[in-house]
Amino acid sequence: MRFSRAVAVATLAFAVAACTEEKKEAPKPAAAAAPAPAPAPDKIIIGHVGSMTGEQATFGVSTDNAIKLAIAEQNKKGGIKGKQIELKTLDDQGKPEEAAVAATRLITQDKITLLLGEVASSRSLAMAPIADANKVPMISPTSTNPRVTKDGANTRPFVFRVCFIDPFQGTVMAKFATEKKIKNVAILKDVGNDYSVGLADFFQKKFVELGGKIVAEQSYKDGDQDFKAQLTAIKGKKPDAIYVPGYYGAVALIGRQAKELGLKVPLMGGDGWDSAKLFEVAKGALDGSYFSNHYTDEDPSPVVQEFIAKYKAAYGSVPDALAVLGYDAANVAFDAMSRAKDLSGPEIAAALAATKDFKAVSGVINIDADHNAVKSAVVLGIEKNKAKYAATVNP
Ligand code: PHE
């Protein structure tokens, strides 16, 4: 078992050839930077900015694994316009300011043709103006905050995503809670995280519109470990459920501490819960809770099961939503680059904007006027410390 997996990974690494991954160095002053050599004319360099380390390391690693798979497959098919694709990944350690530095470096020094990432909205928001200013197309696989593709009222010309957005995701859970006869909800959000703050607002708006009541609002910050004060305040308000639109690290601890405090109500959340680490840390404390997501590994459709098998063969684990959408983002990029008149930023962006009925693993992708994909969401329930498919919600 071990041996065959090592072989599979080695084969993949070989197929991706010069694919590199670097820890980001301290930013150099622009004047000291060596003039960038133009990429070899027979190569296309794609950049990826992700959280390869830090609090949300599973987000970056899953996405990067899947992008590598997509590149290996595309290169095997002859690449794009006769050129082979190379990947250059930079680690942002889960920090928006590092994501901005990494995006700038990939664009100005590595002369990338297209940028993939980030998955977290706060980090994509830090990168988006840089992609636009340099006319380099950027595709976020899973950033769901609506502002990622917007510059005020205008759509950012070079920024796209292949996922749904949070006004929809918030509505999905508000409706689901209402159907479950949940009337009183407490909200616990990460105030330093654009995704968490936005999703809490969208959920609240819809839930109240449907007749529900928000009985408590509490907050925390990324990196917090102790949530007992907030949970005690919430307990006093006797909610039927707690909405926690955060990332897996905090959510797992919140689940455990809620249980320790004798709070028996379900937690509800969004795609940010999706990580194998959620279950490792929660150790069953989230049983009975629900979250919305982009995909379920129980989906019997052949494209989904085929991707799961490929990913397992290469990496030895079932792909999460980050992997599915990382793979989809790369393939949407390759499709647009193949259709584009040439590989200039404006031509690729025009082809991306024209993406129609693209059959991705996460569903059919049509890019709308705001550069978003309109897709269905799934609701997953946690049972015996595992995510189980509960419902599909169409836009
Ligand atoms: N949607 C989250 C964000 O915008 C990122 C995310 C997507 C995390 C999917 C996990 C799974 O920040």
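## Accessibility and the model

Buried here means under 20% relative accessible area, exposed over 50%, and partly exposed in between, using a 1.4 Å probe and protein chains only. At 23% relative accessibility, Asn385 therefore counts as partly exposed.

This is a predicted model, in which local features need pLDDT of at least 70, side-chain atom pairs count only at pLDDT 80 or more, and totals for chains, interfaces and linings use all residues. Residues are numbered from 1 along each chain as its sequence is written, and side-chain values use heavy atoms, with hydrogens and water left out.

## Two loop residues with positive phi

Asn385 sits in the loop between β16 (377–383) and β17 (386–393); strands are DSSP runs of E with at least two residues, helices are runs of H or I with at least four, and both are numbered from the N terminus. Although Asn385 is not a glycine, its phi is positive, at about 60 degrees.

Lys81 is not a glycine either, and has a positive phi of about 50 degrees. You will find Lys81 in the loop between α2 (57–76) and β3 (84–91). Its relative accessibility is 39%, so Lys81 counts as partly exposed.

Let's turn to a helix pair. Helix α3 (residues 96–108) has 13 residues and, at 1.5 Å a residue, should span 18 Å; its end C-alpha atoms are 18 Å apart, which agrees. The expected span is 1.5 Å times one less than the number of residues. Among the buried residues of α3 are Glu98, Arg105 and Leu106.

The axes of α3 and helix α4 (residues 121–134) come within 8 Å and cross at roughly 25 degrees, with axes taken as lines fitted to C-alpha atoms over the stretch in contact and angles running from 0 to 180 degrees between N-to-C directions. The two helices are therefore roughly parallel to each other, a term for angles under 35 degrees. Their contact (heavy atoms within 4.5 Å) involves residues including Ala99, Ala103 and Ile107 of α3 and Ala126, Met127 and Ile130 of α4.

Gly117 and Glu118 are joined by a cis peptide bond, with omega about -25 degrees. Glu118 lies in the loop between β4 (114–117) and α4.

## Ala216 in strand β10

Ala216 belongs to strand β10 (residues 213–220) and, at 9% relative accessibility, counts as buried. Leaving aside neighbours within four places in sequence, Ala216 is in contact with Val185, Ala186, Ile187, Ile234 and Lys237. Ala216 and Ala229 are 13 residues apart along the chain, and their C-alpha atoms are separated by 13 Å.

How values were computed
Parallel < 35°, antiparallel > 145°, perpendicular 65-115°, else oblique.
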